[in-house]
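Hi there,

Here is the structure I promised to pass on to you. Have a look at it first, and then read my notes below.

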Amino acid sequence: MKDLSRRLIASGISITAVVFILCFAFLPWMMLVTALGLAVLSGIAVWEYNQFAREKGGVVNASLLTVLAGFVTISFFLAALDWPLFPEAAFFLSILILFAHHFREKSGAIVNLAVSSFGLLYIAL
C-alpha cells in the first residue's frame, strides 16, 4: 500500500504539471517551456519503464533511452511548429541507435532491443 500511495502522489503531481503546461502552452514564451516540460516528463516515464523492465528481466540503458525519448518528443513539438525536423526520421534514427547499442553484445540483444524499442515507442509516441 505504501508503494501505491507514492505512485498516486507522483501521478497527481505529474497530471497537475501537464495540465498547467497545456493551459499556458499557446503563449509564445511558454512554447519552449512546454517542449522541455514534456521532455522531462518523458524522462521520468523512462525511469519508471526501466524499473518495470528490470523486474521482468529486461535490460534497458535508461540514460540512452531518456535522451532518445526526449529527442523524439522535441522533434514532434518542432514538427508542429513547422520546423524542418521530421519526427519519423528522429524515431527511425533512435531505433538505429538502440540497435547499434544492443548488438554490441550478442547475448540477449534481440530481447533487450525489443524492450528498449517498445519503451521508446510507448513513451515518446
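**Around Tyr-49**

Leaving aside residues up to four places away in sequence, Tyr-49 is in contact with Val-60, Leu-65, Val-115, Phe-118, Gly-119 and Ile-123. Please keep in mind that this is a predicted model.

Tyr-49 also belongs to the largest nonpolar core, which has 17 residues. Together with Val-60, Leu-65, Val-72, Leu-98 and Leu-120, Tyr-49 is among those that touch the most other members. Helices H2 (30-55), H3 (62-80), H4 (87-102) and H5 (109-124) each give two or more residues to this core. As background for your course, nonpolar side chains in soluble globular proteins tend to be buried together.

The largest pocket holds about 580 Å³ of space. Two or more of its lining residues come from each of helix H1 (2-23), H2 and H5. H2 provides the largest share of that lining, 9 residues. In total 17 residues line the largest pocket, and Arg-7, Ala-10, Ile-44, Ala-45 and Glu-48 lie nearest its centre. By class, the lining has 9 nonpolar, 3 polar and 5 charged residues.

What about the second largest pocket? Its volume is about 170 Å³. Among the residues that line it are Leu-22, Phe-26, Met-31, Leu-38 and Phe-77. H2 and H3 each supply at least two lining residues, and H2 gives the most, with 3. Here the lining has 8 nonpolar residues, 1 polar and no charged ones.

Enjoy exploring!

Best wishes

Note on methods. Residues numbered from 1 in each chain as written. Predicted model: local features only at pLDDT ≥ 70, side-chain atom pairs only at ≥ 80, totals over all residues. Heavy atoms only, no water. Core = buried A, V, L, I, M, F, W, Y, C linked by side-chain atoms within 4.5 Å. Buried < 20%, exposed > 50% of the residue type's maximum accessible area, 1.4 Å probe, protein only. Helix = DSSP H or I, 4+ residues; strand = E, 2+ residues; numbered from the N terminus. Contact = heavy atoms within 4.5 Å. 1 Å grid on protein atoms, 1.4 Å probe; cavity = no way out; pocket = protein on both sides within 12 Å on 5 of 7 lines; lining within 4 Å. Points joined across faces, edges and corners; volume = space filled by probe spheres on them. Nonpolar A, V, L, I, M, F, W, Y, C, P; charged D, E, K, R; others polar.
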